[in-house]
Amino acid sequence: MIQIKPVSDLRNKFLEIEKLVNEGNPVYLTKNGYGAMVVLSIEAYSNLIDGVEEALDLADAAAAENDARLSHDEVFGKLRAMVNG
């Protein structure tokens, strides 16, 4: 279940938010009725970015082994072609 709380609850009800986060639930915090931030456990955050870090490491290694570089237009042109068929 999505947990949406006012940002003031981070200070006023920290233990409640901490419990939700430690149970694996992200807590979405709002300020003046608009989304402000998401609170995650360190484990959930780590799981979220682990794949990104690995992909960036692979990209860095591939770039170090190859001098070929693509322009912005080449990269996004290929992606658009793949998406649009």
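Tyr 28 is partly exposed, with a relative accessible area of 35% (buried means under 20%, exposed over 50% and partly exposed in between, with a 1.4 Å probe and protein chains only). The model is a predicted one, in which local features need pLDDT of at least 70 and side-chain atom pairs pLDDT 80 or more, while totals for chains, interfaces and linings use all residues. Residues are numbered from 1 along each chain as its sequence is written, and side-chain values use heavy atoms, without hydrogens or water.

Tyr 28 belongs to strand S2 (strands are DSSP runs of E with at least two residues, helices runs of H or I with at least four, numbered from the N terminus). Together with Ile 2, Ile 4, Val 38, Leu 40, Tyr 45 and Leu 48, Tyr 28 makes a nonpolar surface patch of about 700 Å². Patch members have over 30% relative accessible area and no salt bridge, with nonpolar side chains joined within 5 Å and like charges within 9 Å; a salt bridge places a side-chain nitrogen of Lys or Arg within 4 Å of a carboxyl oxygen of Asp or Glu.

The loop between strands S2 (27-31) and S3 (34-39) holds Asn 32. Although not a glycine, Asn 32 has a positive phi of about 55°, and this residue is exposed at 68% relative accessible area.

A negative patch comprises Asp 50, Glu 53, Glu 54, Asp 57 and Asp 60. Of these, Glu 53 sits in helix H3 (residues 42-65) and is partly exposed at 42%.

Just after H4, Gly 85 adopts a positive phi of about 85°.

How values were computed:
Accessible areas come from the Shrake-Rupley method with a 1.4 Å probe; for residues, only the protein chains shown count as cover. Lys and Arg count as positive and Asp and Glu as negative; His and the chain ends are not counted. The place of a charge is taken as NZ of Lys, CZ of Arg, CG of Asp or CD of Glu.
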